[in-house]
Number of protein chains: 2
Amino acid sequence: MSEQVDLAAHAAAAAFRTFAGSAPALRARLLRDIADGIEQLGDALIDCVQRETALPAARISGERARTCMQLRLFADVAQADAWSDERVDAADAQRAPPKPQVRSRLRPIGPALIFAASNFPLAFSVAGGDTAAALAVGCPVVLKAHPAHPRTARLVAGVVDAAIAACGLPAGVFALLDDPAHETGLAAVRHPAIKVGAFTGSQRGGLALWRAAQLRDEPIPFFAEMGSVNPVFVFPDMLRGNADAIAAGLHGSMTLGVGQFCTQPGVVFLVDDEAGRAFADKLAALVAATPAGTMLSPQIRASYMEAIAARGIAHDVRSLARVAVDSGQQAGAALFATDAETFVRRPDLAEEVFGPTSLLVMCASEHEFVRCAQVLRGQLTATLWLPPAAIGASSDLIWALEQKVGRIVFNGFPTGVEVGTAMMHGGPFPATTDCRFTSVGTRALLRFVRPVAWQTPA
Amino acid sequence: MSEQVDLAAHAAAAAFRTFAGSAPALRARLLRDIADGIEQLGDALIDCVQRETALPAARISGERARTCMQLRLFADVAQADAWSDERVDAADAQRAPPKPQVRSRLRPIGPALIFAASNFPLAFSVAGGDTAAALAVGCPVVLKAHPAHPRTARLVAGVVDAAIAACGLPAGVFALLDDPAHETGLAAVRHPAIKVGAFTGSQRGGLALWRAAQLRDEPIPFFAEMGSVNPVFVFPDMLRGNADAIAAGLHGSMTLGVGQFCTQPGVVFLVDDEAGRAFADKLAALVAATPAGTMLSPQIRASYMEAIAARGIAHDVRSLARVAVDSGQQAGAALFATDAETFVRRPDLAEEVFGPTSLLVMCASEHEFVRCAQVLRGQLTATLWLPPAAIGASSDLIWALEQKVGRIVFNGFPTGVEVGTAMMHGGPFPATTDCRFTSVGTRALLRFVRPVAWQTPA
């Protein structure tokens with residue numbers, strides 16, 4: 001086991017009692033101080049992220065705003081102790097036998113191991129949503145930096161450390177693991193002092209860590225959010241008069257951030273009629289005109305290029321548009337099409353390709369939408385473009401989708417996940433390892449707590 | 001796969017949509033009808049349980065009352081939709097970009113596989129707490145009967161079936177698997193139509209099922225409550241004037257139902273001073289005078305006899321009392337003692353022995369209590385006998401115990417788990433497979449639900 005992991009985990013365990021016992025207002029202040037500190041880094045942070053991720057400055061400053069908003073929202077929840085779910089069953093001395101008082105509330109589970117995400121260098125990394133959720137409830141955080149943005153990690157970790165010191169909390173409340181090796185992450189998840197884990201990233205990485213968490217002497221809750229294809233169903237009735245706007249919005253959602261979002265719409269179901277084919281043509285034209293973009297890392301780009309090359313030569317799959325690239329750093333958008341029969345038969349077509357590409361599935365009619373929905377595996381989201389009046393008539397499809405997804409988007413786009421009290425960003429396997437939890441929004445705190453009861457005599 | 005499993009799981013999946021969409025009042029009526037039906041079985045049920053379990057009639061009628069109370073309490077929660085955790089984040093058309101409305105609530109996960117417990121033929125079997133929790137939220141139930149009480153299972157299943165028919169719900173809302181083979185349970189947990197599982201029983205059985213649930217193509221939440229040793233810490237100050245009452249109560253808790261409760265106190269920590277030794281002698285005298293009892297099944301008795309025989313010849317463990325038995329059906333209570341040094345060194349002494357036996361751990365002082373608490377694995381409960389004024393001075397011990405248990409009992413006994421809104425009957429591994437949930441009380445419903453969000457444009 002790496003020495004860094006052992007030191008961090010032991011320091012977290014040593015700090016846990018003080019942190020778990022800290023006043024709600026102090027944890028709220030900690031989160032707000034971190035938000036302030038991130039803002040005070042100013043352009044130095046934007047520059048650092050840009051150098052490490054090739055993301056445009058506007059996107060980074062938007063993500064910074066979201067990160068700070070998230071920290072402050074969770075600070076409010078921490079301050080109000082709004083996550084506590086306190087309950088009391090009163091004693092009754094007259095009952096035979098006398099009934100004791102039972103009081104219970106949610107308490108922090110223990111030191112949390114959190115993995116920074118490649119695609120959110122701020123909002124789901126060192127001081128991102130998972131960290132904010134764990135700190136809000138009093139779990140110390142051991143943070144595995146993402147190898148793609150180590151400097152950003154150290155910069156933000158400095159802010160977190162300073163805020164912890166300013167709040168008079170033990171230094172062990174936060175530790176950064178900056179060793180880039182995968183083995184470091186595995187060693188950390190296996191460390192007996194770690195009591196809960198959270199991850200956002202690839203299915204391969206998420207499953208390896210989740211399995212390691214289950215194989216410990218003491219298995220621990222490990223929440224991995226592993227992305228999905230986020231199916232979109234476009235009803236023919238919606239294309240009358242709205243086709244241009246939907247195509248533009250869908251293209252934007254598909255190519256936003258070079259397609260590197262876990263809510264990127266990877267499969268779009270259309271009816272293969274005149275309007276559907278015209279919509280496909282429109283989308284293909286938009287895709288073909290998309291400027292190539294630089295992906296987050298050479299590995300991510302290599303995986304993307306390999307996946308679209310395979311899709312391009314796949315039997316029964318047509319290539320509708322593909323942006324050529326010459327630079328070894330860039331990736332171009334790509335649009336493919338197939339029919340419902342092929343989609344149902346070939347599970348590989350429902351697998352996520354991380355990047356700016358989608359597969360159009362041309363269905364004989366809306367009725368085929370239900371059949372296609374039924375073969376989907378677990379998803380973060382599903383999107384329906386349909387007239388509100390048609391919702392009742394589409395209950396079969398909506399029911400089928402509810403069994404597969406965490407969030408159903410009506411007449412909108414799956415990207416741009418709102419951070420609020422109601423958001424559900426999770427879903428059945430393999431979108432996540434536990435459909436009962438979310439990694440965005442204030443419900444995300446529930447991943448890091450457990451009920452404890454105290455019983456006293458009547 | 002057994003045909004019975006396949007039929008039951010498919011029927012449950014087919015019934016799920018109707019049941020998930022049923023009115024809260026209808027699900028409440030279903031639970032109340034089941035409670036009424038169980039009561040209407042009258043003595044026929046008591047006789048049947050008695051023949052199959054050898055439990056005394058008074059215990060069975062007490063358990064029946066608890067079962068019906070549980071069904072009616074969960075009916076109230078179902079009727080009020082009190083588990084829904086509905087949330088709405090309002091839309092904001094003025095924001096750039098416009099903010100959609102996000103609404104979410106908890107929804108049933110899907111068909112639930114529930115295993116009847118050997119030691120609760122009514123309260124944690126066919127229409128027990130797990131079934132009541134799953135039905136309350138709209139999950140159809142596939143129930144694996146316990147091989148030790150098949151007739152009781154069929155009798156109660158008849159009541160459940162009749163209540164479902166009377167409520168006009170599809171028959172697939174409930175199915176009984178009465179094939180006694182372990183393979184039937186494994187086949188059921190592996191069935192793709194099953195979406196969540198719950199079990200109360202041995203660590204061996206629970207772990208086998210939980211692992212099978214994790215190894216599915218689509219892993220599912222599987223909550224196994226696997227019992228624990230429920231440590232009891234008796235502070236010397238409490239023995240002044242109360243020793244007789246505490247010894248009598250502890251003896252009762254230890255031998256209640258021939259010791260066959262998952263909250264049975266299996267390890268008791270005392271200070272090895274004059275008062276502590278006198279207390280041990282008192283307890284030994286009570287244990288020695290305990291009438292032998294018939295255990296739930298020959299297998300359970302065989303395991304118990306083997307475990308206490310091993311403990312009786314273990315190095316550094318003294319036998320303080322042991323009730324001899326001649327009949328091949330009966331089991332006698334047994335009390336052992338060791339010192340803190342030995343307890344800390346030998347993890348096998350902290351393993352559960354299912355039956356009427358406890359191990360006294362004689363500590364040099366109260367300070368050794370903390371050291372002993374730290375080596376414990378996850379527990380359902382821990383009990384402290386200490387003067388209320390001493391709680392502050394015992395914060396090290398209480399903190400150590402909070403990390404290990406789901407419920408801390410002050411000046412009481414761990415058996416007799418109250419069914420209410422605040423109860424936590426769960427705990428860190430290996431007491432259960434997921435410390436974030438309970439299997440008793442209204443929080444138990446949360447094992448069978450997941451959040452789903454609906455997003456609509458501003």
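Domain bounds here come from an automatic or database domain assignment. For chain A that assignment gives domain 1, made of 3–226 + 432–456, and domain 2, which spans 232–410. The structure is a predicted model, in which local features need pLDDT of at least 70 and side-chain atom pairs count only at pLDDT 80 or more, while totals for chains, interfaces and linings use all residues. Residues are numbered from 1 along each chain as its sequence is written, and chains are lettered from A and ligands numbered from 1 in the order in which they are written.

The C-alpha centres of the two domains of chain A, domain 1 and domain 2, lie 33 Å apart. Their contact takes nine residues from domain 1 and ten residues from domain 2, where two residues are in contact if their C-beta atoms, placed from the backbone, lie within 7 Å. On the domain 1 side, three of these residues are nonpolar, four polar and two charged; Ala, Val, Leu, Ile, Met, Phe, Trp, Tyr, Cys and Pro count as nonpolar, Asp, Glu, Lys and Arg as charged, and the others, Gly among them, as polar.

Between the chains, 47 residues of chain B are in contact with 47 residues of chain A. The elements that give two or more residues to the chain B side are β1 (87–89), β2 (101–108), α15 (395–402), β16 (405–410) and β17 (449–456), and of these β17(B) gives the most, with seven residues. Helices (H or I, at least four residues) and strands (E, at least two) are DSSP runs, numbered from the N terminus. By class, the side of chain B that touches chain A has 20 nonpolar, 13 polar and 14 charged residues. Strand β16 of chain A (residues 405–410) pairs with β17(B) in the parallel sense over three bridges, pairing being called if DSSP finds at least two bridges between two strands. In β17(B), B:Gln455 is the bridge partner of A:Val409.

Helix α3 of chain A (residues 43–53) has the buried residues A:Leu45, A:Cys48, A:Val49 and A:Thr53. Seen down the axis of α3(A), these buried residues fall within an arc of 105 degrees, so they line one face of the helix; the arc is that of the directions from the helix axis to the C-beta atoms. A residue is buried if 20 or more other C-beta atoms lie within 10 Å of its own, exposed if 12 or fewer, and partly exposed in between. The buried residues of α3(A) pack against α2 (24–40), α4 (57–79) and α6 (150–166) of chain A, whereas the face turned away from that side carries the exposed residues A:Asp43, A:Ala44 and A:Arg51. After the helix comes A:Ala54, whose phi is positive, near 65 degrees.

Two further residues, each other than glycine, have a positive phi and are set out below.

A:Asn411 counts as partly exposed because it has 18 C-beta neighbours inside 10 Å, and B:Asp81 counts as partly exposed with 17.

The loop between β16 and β17 of chain A also holds A:Pro430, and the peptide bond from A:Phe429 to A:Pro430 is cis, with omega near 5 degrees. In chain B, a cis peptide bond with omega about -10 degrees joins B:Ala96 and B:Pro97.
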